[in-house]
Amino acid sequence: MPSKLQLDKAAWLWAETTDPPNVTIDNVRTAYRLNLQPCQLGACKRNCRGNPFCLNGLGEKAWFAQLDERPYHDFDPDAERREKNSFVGLKNLGATCYVNTFLQLWFHNASLRQAIYRWREPTMDEASTEDWTPSSICGHLQVVFALLQFSQRRYIDPSALINHLGLDAGQQQDAQEFSKLFLSLLEDSLSSQVQPDVPNIVQKQFCGQYCYVTSCKHCGNQSRTASKFYELDLSIKGHKTLKASLEDFLQEEKLEGENQYMCSMCNSKQNASRVIQLDYLPPVLSLQLLRFVFDKKSGHKKKLNSFIQFPQVLDMSKYLGKPENSVLFDLTAVLIHRGPSAYSGHYVAHIQDTQQETWYKFNDEEIEQMKGRHLQLGNEEEPHESSQKIPKNCKATKGCYSSKNAYMLVYTRQGVHSEEVKMDDAFEESLLPTVVKQMVQKDNDSLETWICELISTREQDIETSRNEQEKVKDTFLSLHCKPDSDFEWISSDWLSKWLANPNKTSPIKQDVFLCHHERLNPEAVPKLKCISAQSSEALFDKFSGGPRLKGTDSMCEKCVRQKCLVIRLKQSMVEDEKFFAQATRTNQTSELCFWVGKASFRSWKRLALDRISRMEVTNCVQDQSLQENGTTQSESEHPTESSSASDVICLEKSEKLEEEKSEKLDEELRWIGSEPGCDRSQSGMLFNDDLLCDEHECLSPDEGCRRLVSPEVWQRLKKYFPDCPEYNQLSQTCYKCQLLNQEEKQEKDYRRLLAQEQKSVLLDLFHGKNRPLLDGDNELQANIISTFFIKEWRRFLKDCTKVPPVSEITNSVLLCEHGGLVYSPENRLGGGDFEDIFTLVWPSEWEKMIRLCSFDTEITLVRLKEDDNTFRLVTSPEMCEDCVSLRLAEEESLKYFYEDVTIYVRKVLSGDTSASMEPENGDKDSSFDRTDPEFSENTPTKLSSDCDEPPEKMSKINENGAAVRKSRRHRKQRGEKEVLISSNMNLKDLKLKIMKQFAVPPFDQNLSLDGVKLTDDAATLSSLKVFPGCVVILQADEPSEDALAIEELFVVPAHPEEGFKGTNLLSTRIGQVN
């Protein structure tokens, strides 16, 4: 099958040789592609858009192929079953991974697990499965352990235990604190049991004892204080091995100076030493590595990410004063915290199955058996850290492991496992209460029922899909229409959507395919398909919509004739364009030439086609060449068009433009629309309208918008635009516009003279030179003028033809309602131009200005010298002290309320005293030392719109000894960067922004403003008097050794830490809490 472009061209090929009145029904059928043959099913790789009888490539292949059952098997219910000889995981309820690691650890302690199984509630034996729920910590733990051992699920849900403890599942807590509190509560709950080995199981397994031994250096007396422990808290800061941490824990402490020991024997304070001595160790030794420590600088906890090396076999003999290798412990568990911060991350447990002597990784729901018989910590680094530089893993010695994320090590004394009686699952199940065994069995049965239901539902869905596939196949095959049978037009896009999802198909909307005659637009044929009338009836009955386009009855002969006319017109345009290009190569000067708008002439082809789409012909024009051939035609008939003479044009109204132009001339027209100078917004412009004046619609005096063309060119243009404005070279331009242009020229000349006169008499004021200053040793008399007037006056002098002259000096804005001056010149010393408020002018300048402009109020200022050589300022009218104070208070308060403004942060070396922000030479308005050697002048200086002097002139003294004004714009110095702030930000937020700019952590930042240190991180910038444009000095301490400390700043809690406050872990009645 030919391509769509070829089919589109073939559908209208006949129009190149056929005049619009001679269009036949066969031509119409050809334009609607009804002469094409249907494509056989599956014969086309893609849909033939130019053939309405091709139904291939619409999405039908998926329905004729074998049903893809893979989506139905994406979720395998059998995968939720527990694998053989594997352990059961625990569901993470949000941030409960720290609880899951300890539950798995305690579950793998056989003695503790069996003791929990032997525990009984008072009413447990009398309860039934339907109405019994655990009401104590031991009851919930008993159920969790039973499910971990006997459940058939891949993982279980510990929600009941979490809720009973009152924990917030969405908030991560301190795992070490949880372990201590939970064991304490568990021990208290078990203490009331009468079964042997149950009440004291926690003490037997985890409890050891050490003594604080204090020795007096004076009398040698020793004091011993015993203390039990369940975990040893070992500091890892500054240590690389577990041995070093243990020795640091047991090292001698000297009690001297203010920390002297009160000796009971000496009855006075004496120097002493204190040491911890281990009395005995439990069978299961838990070593808490203190990775989470409190940082005094930041006020929050932080994580120590340093590596620690620990052995597989731990020899504790020498710490108990026993022979070497007499007290050995084997490593049986390592708890891991993955993450750089103490407030986020993930907890994972590596636990050894002592019966099989294999290691497992417990990661919430996922459980992984490690290869071999040794611990494999694997890659502990977080994905987001892979691109950062992290501490190099210290190479562990033989028989040792190394980790930077381990926070708890569990060692079991050698011989403990051999002493334990190995019991099978059947025996341990017999220890459980009947109601718990029934609960586990009920949960397993519900799992099997759920899996069976899912499998059954999946099979039903597959069968339903097969039936639907057959139904769609039958419907699609019925779409093909037979030769000489009734057919209808339907949207191919709708057919594709229906085949993509038959159950979610919208109604059939086809009104967009209608022409303005309410028939099928021939240009829309490539977007439609012909289907059998019977199948169309069924589709519209099911999906509704419309309008229905029935066969040949919906064809529009008028639109076909119009399209034929456009094609013939384009042929004529090609030849005329060549003629225009040749004829306009030389400038035309003959009096017989005609004026044509330049924009119209550039876009004449587009305008001609636009005219066809807008207008409908009411008469017919006969071409002169047709008269020579003796051919005439009635006005009521369609005209004939010829490419060699003046054509007869028949135009009909159309509501929308052509949607697709496939011919080469169409592409050419689209290119014309994009030519330079062709304004697409002028799509409604008529030909030659651009040479008319806007107000009077006569020939515009502006010759820049038009050009002359020869009479031959004009006659050809008139063929396309018979009603366009016509002007030859002798035509008169618009008289009214000429008068207006003359008046405008006179007004501009007047303004130029006025501006030149005012500038000549007030040249110093215009340039801002030789301004009156309120400093120095001389008396002074000046006038005060509103700066707004000065700015507007300067704007007029700069561009007098566009900016109107200023006629009145409005000084009333400087006065209050009482008639007094509300601005104090005494607060504005140091410059000639008082920015945005008022300007001082000499009395001579004031006299000249009031001759040029009117004024509302005269304000004078006199600087008088007193007997004590001080100066006093006198203004007329006088200042209104109350209004001045009120205005200053309002300005001061508004100064510290802002949003998204810029301040400057300058970084200096720690201890550098040369970075003072105190300005020199008494320049109070300058925010920095302009002679600073670090001042950067690499950026070219740009003059402001208010006639600021160049930098090289701003500090000069004029010939009269008066200083010219200095620029107040801030100039960035070396080491300065801009920071965007708002007044409601606190100092900590500012430090975080500074950290992004300078890579200095907040705890290493020392900030100051005008010599005042900024220290309160919680204070807002408004309360700290940080104002827009100020310069904040940054002194950085030495960088932190911990590269991950910076990342912790972004994850600190927004509220004060409360730990387990409010949970049942702190309740003394947890065993009875429901």
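Is F594 buried or exposed? F594 is buried, with a relative accessible area of 12%, where buried means under 20% relative accessible area and exposed over 50% (1.4 Å probe, protein chains only).

Before going on, note that this is a predicted model, in which local features need pLDDT of at least 70 and side-chain atom pairs count only at pLDDT 80 or more, while totals for chains, interfaces and linings use all residues. Residues are numbered from 1 along each chain as its sequence is written, and side-chain values use heavy atoms, with hydrogens and water left out.

Staying with aromatic residues, the structure holds 33 aromatic pairs, a pair being rings of Phe, Tyr and Trp (its six-membered ring) with centres within 6.5 Å, stacked if the planes are under 30 degrees apart, edge-to-face if over 60 and tilted for the rest.

Select Y347 and Y407: their ring centres lie 5.3 Å apart with planes at 80°, so the pair is edge-to-face. Y347 belongs to strand β16 (residues 346-353) and Y407 to strand β20 (residues 406-413), 60 residues apart, strands being DSSP runs of E with at least two residues and helices runs of H or I with at least four, numbered from the N terminus. Both Y347 and Y407 are buried.

F594 sits in strand β26 (residues 594-597) and W714 in helix α21 (residues 711-720), 120 residues apart; W714 counts as buried at 1% relative accessibility.

Finally, select Y98, F102, W106, F178, F182, Y347 and Y407, which form one aromatic cluster.
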